[in-house]
Amino acid sequence: MAGRTLYDKLFDAHVVHTESDGTALIYIDRHLVHEVTSPQAFEGLKLAGRKPWRQQSMVAMPDHNTPTTPGFTTILDPISRTQVETLDANAKELGLTYYRIGDIRRGIVHVVGPEQGATLPGMTVVCGDSHTSTHGAFAALAFGIGTSEVEHVMATQCLPQKKSKSMLVRCDGRLPTGVTAKDLVLAIIGVIGTAGGTGYALEFGGEAVRSLSMEGRMSMCNMAIEAGARAGMVAYDAVTENYVKGRPFSPNTPELWEAATKHWRTLASDADAVFDRTVVIDASTLIPQVTWGTSPEMVVSIAGRVPDPDKEKDATKREGIERALVYMGLTPNTLISDIKIDKVFIGSCTNSRIEDLRAAAAVVKGRRRADNVKLAMVVPGSGLVKAHAEREGLDKIFIAAGFEWREPGCSMCLAMNDDRLEPGERCASTSNRNFEGRQGAGGRTHLVSPAMAAAAGIAGHFVDVSRI
Amino acid sequence: MEKFVTHTGLVVPLDRANVDTDAIIPKQFLKSIKRTGYGPNCFDEWRYLDVGQPGMDNSQRPLNRNFVLNEQRFQGATILLARQNFGCGSSREHAPWALQQNGFRVVIAPSFGDIFYNNSLNNGLLVIRLQDVEVDRLFADCAAFPGFQLTVYLEAQLVRAVDGSFAFAFDIASSRKERLVNGWDDISLTLGRSDAIRAFETKHLAAQPWLA
């Protein structure tokens, strides 16, 4: 019998029941909740007269709508405020673990879950948010769900699921200096395409992934969904173990820790495991990546040029390129390094952790934001990340360079709060989606790593940070 | 959930690949705590010439006459024809809500974002995957025949031209189909297995007590 993939192990360990057509009912260990996709689920639960099956599994916090203005005390937009207050009320009524505005532990749900140890290896983790794939970095099965499913998990602790196919993305070699997990995952999406992972669970492996910190692994798994895969994951190892140890929700007695780690060490694909598809990437020759279009697969290296649609033979793809170039206000064959930017956004569930902020600060230290850059903002992923960065003096480095230092939240990744691009503005962004209008109607997003975003903020245009 | 058995309707073609859920319903409309009211803002940035905000009177906003959904001949369409990877991106269930509340009962495409696919079926919006060549044929027929209509038979898993000139078969998980055809409530069905869930949970949390 062939060995099992990590995905097989995680999925099979949670099957409560299997239907005749193969649809399984799987048990959910951790349910993360935020204010945008939960109100209708809480309401549905109440209207049906149901109670949460296991409310201890739920950890909730507002993140999408929250202001990032330093020292804010209230949400000015009444609709946003109502949504946050609705979560406040639901969390209180049901007695959930809740990090309200003002709690230093509050932040982006995908930063806070791991930080609190609420995400643990071997778990099934869901949240009404597609970037729940982030938590797969811990050898967990983590995926985003819709609001009906949020209610389903609240009511039953389970979800009916079809098992996905499996894909191994093997990243050979080590990343060169200045090239990050973000560049690696963008390059992968460029290879397999934004729909290449649809119907698959991705496992990221190989020397380059093993060499990454947990922060880097989270950045990669975060963007599995941008390749179409609901779940991305990385095998458990000493890096995982060191990160998890000592966190508030982690096993907290020597006996529990020993039992847990013994189990967790089995959380890797067997050597003879068979994947439905394997993609091999040479990480050792990679250079920093920049997206040029309106889908994450529209990506080239910093040494590249804006593509020429006339060279694309497939009609649907050609039209897609043409439409993207019009939206992005770009001319074919322009050097990526000649593209000037208006704003910089460093943050989001992809790149707002301490390592990301350190990488950006290292680039801007002693330098100054370019005159053509109207706004450069740094939004830490959580109150604890913010405090950690301030202990290291990173806030002062950013402020001295003319970058704004903000309160934690999703912010300009999706612009549900006041942080947004104006029509036509061009942004170097460490977020995960360059869709039309994502960062504000008419806004133009280029996805890059934190160091690349910082460097663009200093130069006023994209530059190869691995060369400065 | 609303039952889905069979449906006949006018088809509107949206000829772009990778239509994401941000495009289907932009973020500013996600601030609502309700399940309804999203229809007029479906495809907001493509549909109107101004920037939409919650609370606007949408009937007074300038329409983008070049957007296919605004064309006179497609008014009243209930079947949306799309290209590959429709509904990719964000998990927002507001996307199927907006499509339904805009009058759609069916979306046909070569492929869908995985989360969107589930969200749609969970709301009784039937998402149908057809082969690329079949979708090409439907796009061609939409262009060639004004008022082009299809009938969808869920039980038989068939999409048929109303004149009977052709029919395409589609796949759907049988448990999904059963739920849709009967309009069953997913949560009630799962709660019907409460004993099995409880038994699993007891064993699972005993083996991994740090999860409790």
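**View 1. Aromatic pairs, with A:Tyr7 and A:Phe11 as the example.** Over all chains, a search of the whole structure, a predicted model, finds 17 aromatic pairs. Rings of Phe, Tyr and Trp (its six-membered ring) pair if their centres lie within 6.5 Å; planes under 30 degrees apart count as stacked, over 60 as edge-to-face and the rest as tilted. A:Tyr7 and A:Phe11 form a tilted pair, with 5.8 Å centre to centre and 55 degrees between the planes. These two residues are four apart in helix α1 (residues 6-12) of chain A, so about one helical turn separates them. Helices (H or I, at least four residues) and strands (E, at least two) are DSSP runs, numbered from the N terminus. Both A:Tyr7 and A:Phe11 are buried; buried means under 20% relative accessible area, exposed over 50%, partly exposed in between (1.4 Å probe, protein chains only).

**View 2. An aromatic cluster with residues of chains A and B.** A:Tyr236, A:Trp257, A:Trp264 and B:Trp210 form one aromatic cluster.

**View 3. A:Ser411, a residue with positive phi.** A:Ser411 lies in the chain A loop between β17 (404-405) and β18 (426-429). Its phi is near 55 degrees, a positive value in a residue other than glycine. A:Ser411 has a relative accessible area of 0% and is buried.

**View 4. B:Asn85, a residue with positive phi.** In chain B, the loop between β2 (79-81) and α3 (94-101) holds B:Asn85. The phi of B:Asn85 is near 65 degrees, again positive in a residue other than glycine. With 1% relative accessibility, B:Asn85 counts as buried.

**View 5. Chain A as the setting of the close-ups.** Chain A has 15 helices and 19 strands. Its radius of gyration, taken over C-alpha atoms, is 21 Å, close to the 23 Å that the globule rule (2.2 Å times the number of residues to the power 0.38) gives for 468 residues, so chain A is as compact as a globular protein of that length. Of these 468 residues, 67% count as buried. Among contacts (heavy atoms within 4.5 Å) between residues at least 6 apart in sequence, 76% join residues at least 24 apart.

**Notes.** In this predicted model, local features need pLDDT of at least 70 and side-chain atom pairs count only at pLDDT 80 or more, while totals for chains, interfaces and linings use all residues. Residues are numbered from 1 along each chain as its sequence is written, chains are lettered from A and ligands numbered from 1 in the order in which they are written, and side-chain values use heavy atoms, leaving out hydrogens and water.
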